[in-house]
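Subject: Structure for you to look at

Hello,

Here is the structure I said I would pass on. Please open it next to this message and follow along; my notes come after it.

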Amino acid sequence: MNTRQKALRTGAIFIAVLIVAGLLLLYKGNDAVAIGMEKKEGILTAEQVKMSFDSVSGRLLKEAVKEGDTVKAGDVIMELDSTDTDLSIERTKAQIAQLDAQIRSMGGTQAVNYQKADSDEQQSFRQIDQQRAAVSAAQATLKNSQIDYNRKSALLDAGAIAKSQLDDAEMALNVAEANVTQQQLLDKLLSGARDTGNTDSISLPTIAQQREAAGNMSNDIDALTQQKQALVVQLKQLEVQKERLTLRAPEDGRVIKVLAKEGEMVAAGTPVVLLESDRSYYDIYISEKQAQGLSEGDTITGRTVAGDKSVPGTVRLLTKAPGFADLKQSREKGQADLTAFQVRIYVEPQDGVMPGMTIGVNEREFTKR
């Protein structure tokens, strides 16, 4: 066989291999999605949590972890400088204490004013009683003096007494009439109140005004109480802000990246630590027929490719996958419109199973339902 024949034979064999390979690819895809749908395998991936300070910023004072550390939920990760917040808390506490003192002082003054009003009322009642008695006595004296004057005037006309006796009676009458002005003093003590004759039932306007003034102090006390309540809320906000200056682990996991160092200024909401949580999952792609009998919450048992270890998991997500052609980046075999479903399966932590391992699911997991 000459060289030309050998070349033709080699070329024919190569063309035949290409034709066979093309036919195989035509009926059996070999891309990642096709293989994924056939073998139902996925890479176990741990969820990552980007940790940041919530609505607070400041200078990083303490870095309590380093990359690779394992942390538990609630462990301290980082701390910001709390000097300004501590001063604000102390200032607010002092303002609250000051308002408490003012409230107590005003409450005491109000109680004293009520007591003074009661005391003044009783004193006024006694003065009214005394003045009422004085008015009654003056009126009785006036009546008697008038009678005495009238009698002596008649006796003088009859020549039975001397003119000096009538003059004395007249003087006594004038004094009695002058004493009737005691009624004006009684009216002044009543201050416009109606004299019912029962002193304890009299409502004195001056005493009512004293009680009203004492009662109005309740409004001032309420205003101070509202100011205190606003400061109490402000204090709680400051205490919450101080608590947020300490960054704690939200769950168990492993620190895989520390993005801020001690002494740096950290802005609110800026990621400072990347935490790999204990929650892990893997994705597989299944056909429409296989997805028909599956629902979120179902249990699926996969097996690790390395070690063939059983890995039970729970379906958390069952949704239509992106277009087949978009996943494959091609439209070979006319399969661009085929429907695939994405299944996300979460697994519990267990020995011998770690993120990065490949987990496969047997076809029987879908046919047994």
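Tyr 281 is buried, since its relative accessible area is 15% and the limit for buried is under 20%. Please keep in mind that this is a predicted model, and that every value here is computed from it. Tyr 346 is also buried, with a relative accessible area of 14%. A search for aromatic pairs through the whole structure gives one. That pair is formed by Tyr 281 and Tyr 346, whose ring centres are 5.4 Å apart and whose planes make an angle of 35°, which is classed as tilted. In the chain, the two partners of the pair are 65 residues apart: Tyr 281 belongs to strand S9 (residues 273–287) and Tyr 346 to strand S12 (residues 340–347).

Strand S9 also holds Ile 286. Is Ile 286 buried or exposed? Ile 286 is buried, and its relative accessible area is 0%. From Ile 286 to Glu 363 there are 77 residues in sequence, while their C-alpha atoms are 9.6 Å apart in space.

Next, the protein overall. The protein has nine helices and 13 strands. It has 369 residues, of which 30% count as buried. If you take the contacts between residues at least 6 apart in sequence, 77% of them join residues at least 24 apart.

Now for the helices. How do H3 and H4 run relative to each other? The axes of helix H3 (residues 83–157) and helix H4 (residues 163–179) cross at roughly 160° and come within 8 Å. An angle over 145 degrees counts as roughly antiparallel, and H3 and H4 are therefore roughly antiparallel to each other. Their crossing is left-handed. On the H3 side, the residues that meet H4 include Ala 138, Leu 142, Tyr 149 and Leu 156. On the H4 side, among the residues that meet H3 are Leu 166, Ala 169, Leu 173 and Ala 176. Sorted by class, the contact of H3 with H4 has nine nonpolar, six polar and five charged residues.

H3 also meets helix H6 (residues 205–244): the axes of H3 and H6 come within 9 Å and cross at roughly 165°. H3 and H6 are therefore roughly antiparallel to each other as well. H3 passes H6 in a left-handed crossing. The contact of H3 with H6 divides into 16 nonpolar, 16 polar and 12 charged residues.

Gly 107 is in helix H3 and is partly exposed, with a relative accessible area of 26%. The C-alpha atoms of Gly 107 and Met 217 are 8.0 Å apart, although 110 residues separate them along the chain. Ser 119 is in helix H3 too, and counts as partly exposed at 44% relative accessibility.

Last, the backbone angles. Most residues other than glycine have a negative phi. Which residues have a positive phi without being glycine? Ser 55 is one of them, with a phi near 60°. Ser 55 is found in the loop between strand S2 (45–51) and strand S3 (58–63). Asp 308 is another, with a positive phi of about 50°. Asp 308 sits in the loop between strand S10 (299–304) and strand S11 (310–320). At a relative accessible area of 47%, Asp 308 is partly exposed.

- Tyr 281 and Tyr 346, the aromatic pair that is tilted.
- Helices H3 and H4, with the left-handed crossing.
- Helices H3 and H6, with axes that come within 9 Å.
- Ser 55, for its positive phi.
- Asp 308, also for its positive phi.

Regards

Definitions and conventions: Residues numbered from 1 in each chain as written. Predicted model: local features only at pLDDT ≥ 70, side-chain atom pairs only at ≥ 80, totals over all residues. Heavy atoms only, no water. Axes fitted to C-alpha atoms, helices over the stretch in contact; angles between N-to-C directions. Helix = DSSP H or I, 4+ residues; strand = E, 2+ residues; numbered from the N terminus. Parallel < 35°, antiparallel > 145°, perpendicular 65-115°, else oblique. Left-handed = near helix turned anticlockwise from the far one by under 90°. Contact = heavy atoms within 4.5 Å. Nonpolar A, V, L, I, M, F, W, Y, C, P; charged D, E, K, R; others polar. Phe/Tyr/Trp six-rings, centres within 6.5 Å; stacked < 30°, edge-to-face > 60°. Buried < 20%, exposed > 50% of the residue type's maximum accessible area, 1.4 Å probe, protein only.
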